Amino acid sequence: MTLKEKIMASQIWKSIFRHDFEDTPSNRGKVIRSNVFLHLHPLRIPEHAMKIRFTWCMGGITFFAFLVECITGILLMFYYHPVIEYAYMDMKYLQFDVPFGQILRNVHRWGAHLMVFTVMLHMLRVFLTGSYKRPREFNWVIGVVLLTLTLLMSFTGYLLPWDQLAYWAITVGTNMGAATPFIGVEGPFAIVDKFNDVRFVLLGGTTVGANALLRFYVAHVIAIPAIVFVGCAIHFWRIRKDGGISRPL
Amino acid sequence: MAEETAAALKAKERADKKKKNPHVWPELPFKELMCAVVVMFVLIVWALLLDAPLGEIATPSRTENPAKAPWYFIGLQEILVYFDPWYSGVVLPSIIMIGLMAIPYLDTNPKGVGEYNFSARKFAMVNFLIGYFMWMFAIVVGQFMRGPSWLFFWPWEVWDDSGHHDEITLFNIDNKTSIIALAIYAIVGFALPKLLKMKWAKNLDWTRYTITISLLLLMYLVPVKVVLRQIFHVRYLIATPWINF
Ligand code: HEM
């Protein structure tokens with residue numbers, strides 16, 4: 001018995017991998033079935049669905065970008081304080097002092113752009129292949145929610161560096177909240193004042209300040225990603241419950 | 001004998017089906033891994049070549065001009081030129097999101113699922129692509145062709161005030177004329193597809209037809225307003241002390 005064989009015959013190995021790896025039809029099934037991540041897939045799917053020219057892999061890349069953002073985001077959190085005294089300094093610190101800090105920040109920033117871009121393309125692909133039609137209507141709806149959340153996730157992250165670009169972009173953006181009909185102070189038919197309108201809820205104040213930074217931070221690092229994560233779980237589960245990836249009749 | 005052939009046929013059918021539905025392992029996870037590797041490679045190269053922007057520290061007393069939203073929201077900011085904030089910043093985006101969610105319930109055409117089939121669903125394709133294109137167009141204009149005070153500059157122009165931005169006086173069309181024009185727009189919009197006996201219109205029940213046409217009329221109101229503003233210098237169609245449109 002070689003060492004490899006010994007290891008693979010041991011109780012520990014067998015408790016982890018419940019099949020061997022010979023390329024047989026039964027093992028091909030077991031690989032997928034016995035792994036929680038691979039088990040997102042069915043055992044078999046139609047040939048066309050595996051083609052990159054059908055899905056453009058855009059849903060998958062969007063999800064991958066999300067995972068990259070989660071990992072780089074957690075790393076960034078070790079260096080970032082969501083208070084106005086530190087936020088900007090932490091960016092400088094990341095750029096000039098933290099080992100690989102600049103590239104970490106870059107990957108997180110460009111990854112966010114990538115995710116927004118690919119989710120737009122994914123929606124286009126799903127439309128072009130008519131994949132929203134019965135029985136997949138509801139998964140499209142979940143998709144639109146995911147699109148919105150992706151945009152909001154990027155937007156809330158935009159404030160965190162606390163530089164001029166961030167500050168004024170978020171000021172312009174959240175002023176839209178104040179323009180909401182009825183519940184925005186500057187909107188038509190306002191029934192609120194500036195201390196209890198939509199913008200106040202978004203900012204925790206009437207202008208972008210310490211409270212806004214904290215709110216955006218919490219939304220960015222936990223609230224929205226948590227919902228996106230659950231949303232993705234539902235989205236992927238529904239693909240299978242709706243009869244697998246769409247195919248021509 | 002007959003039984004045997006039937007069984008053989010069944011077996012063959014099953015084999016065919018399996019061939020059309022091949023195993024996911026190892027092909028698909030391998031492709032996904034390759035996608036991930038390529039994306040990661042692109043991201044790292046991108047991150048090595050280009051630093052994430054960082055401006056000066058936020059100073060509430062010093063306004064940034066132009067203060068641009070991030071690119072994916074710049075389309076809405078661009079629309080601010082043509083509509084007041086309550087519409088371009090709140091109501092329009094809400095309608096877009098609700099309209100997008102409604103698509104599967106409005107489009108009853110069963111054709112073209114799981115394939116790129118333009119000719120079987122021309123109406124849906126054309127309108128969605130126009131909407132999608134308008135979105136991209138607004139983003140490109142806002143991102144690359146707007147300078148200080150949201151003035152128009154070609155991407156190769158420097159942001160100076162060299163005089164081609166003459167102050168244009170805008171005017172409001174009086175409310176009565178506008179309401180009549182909008183009513184005509186709506187009536188024509190509702191009647192035309194039915195009068196022309198377009199296939200998609202024939203296949204829709206009244207509820208779906210009404211919602212579809214309403215959403216499309218709202219969508220096309222955006223380019224209509226762009227033309228009115230840019231060519232005819234119209235500011236508002238409807239102007240009241242409470243709300244402008
Ligand atoms: C965070 C955002 C999203 C993620 C991570 C995601 C992920 C995925 C993945 C991995 C698939 C499998 C097939 C493929 O890769 O194309 C898929 C399919 C699908 N997605 Fe998404 N998606 C997202 C947003 C959206 C959006 C914005 C829409 C539409 C508005 C949408 C609608 C659908 C539909 C209907 C399917 C089934 C497609 C079919 O059966 O051919 N998704 N999604």
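The structure is a predicted model, in which local features need pLDDT of at least 70 and side-chain atom pairs count only at pLDDT 80 or more, while totals for chains, interfaces and linings use all residues. Residues are numbered from 1 along each chain as its sequence is written, chains are lettered from A and ligands numbered from 1 in the order in which they are written, and side-chain values use heavy atoms, with hydrogens and water left out.

The iron atom of the ligand has two protein donors, His122(A) and His235(A), each through NE2, at 2.0 to 2.1 Å. Donors are N, O and S atoms within 2.8 Å of the metal (3.2 Å for Na, K and Ca); water is not among the atoms, so sites may look incomplete. Around the iron atom, six donor atoms subtend angles of 87 to 179°, and the arrangement is therefore octahedral. Six donors count as octahedral if opposite donors are over 155 degrees apart and all others between 65 and 115. For six octahedral donors the ideal angles are 90 or 180 degrees. His122(A) belongs to helix α7 (residues 101-128) of chain A and His235(A) to helix α11 of chain A, so the pair ties together parts that are 113 residues apart in sequence. Helices are DSSP runs (H or I, at least four residues), numbered from the N terminus. His122(A) is buried at 17% relative accessibility, and His235(A) is buried at 13%. Buried means under 20% relative accessible area, exposed over 50%, and partly exposed in between (1.4 Å probe, protein chains only).

Helix α11 (residues 210-241) of chain A also packs with helix α8 (residues 137-159) of chain A: their axes come within 9 Å and cross at roughly 155°. Axes are lines fitted to C-alpha atoms, for helices over the stretch in contact, with angles from 0 to 180 degrees between N-to-C directions. The two helices α8(A) and α11(A) are therefore roughly antiparallel, a term for angles over 145 degrees. Their crossing is left-handed, that is, the near helix is turned anticlockwise from the far one by less than a right angle. The contact of α8(A) with α11(A) has 19 nonpolar, seven polar and one charged residues. Here Ala, Val, Leu, Ile, Met, Phe, Trp, Tyr, Cys and Pro count as nonpolar, Asp, Glu, Lys and Arg as charged, and the others, Gly among them, as polar.

The bond from Trp25(B) to Pro26(B) has omega near 0°, and Pro26(B) lies in the loop between α1 (2-20) and α2 (27-49) of chain B. The bond from Asn65(B) to Pro66(B) likewise has omega near 0°, with Pro66(B) in the loop between α2 and α3 (71-79) of chain B.

Positive phi values occur at two non-glycine residues. Phe189(A) has a phi of about 60° and sits in the loop between α9 (164-178) and α10 (198-203) of chain A; at 40% relative accessibility Phe189(A) is partly exposed. Ser149(B) has a phi of about 55° and sits in the loop between α5 (122-144) and α6 (175-195) of chain B; at 54% Ser149(B) is exposed.

Three further residues of chain A were examined for C-alpha separations. Leu43(A), in the loop between α3 (25-33) and α4 (52-55) of chain A, is partly exposed at 29%; its C-alpha atom is 7.4 Å from that of Arg33(A), ten residues apart along the chain. Leu38(A) lies in the loop between α3 and α4 of chain A and is buried at 18%. Leu38(A) and Trp13(A) are 25 residues apart in sequence, with their C-alpha atoms 19 Å apart. Met91(A), in helix α6 (residues 87-96) of chain A, is buried at 7%, and its C-alpha atom is separated by 35 Å from that of Ile142(A), 51 residues apart along the chain.

Notes:
Parallel < 35°, antiparallel > 145°, perpendicular 65-115°, else oblique. Tetrahedral: all angles 85-135°; square planar, octahedral: opposite > 155°, others 65-115°.
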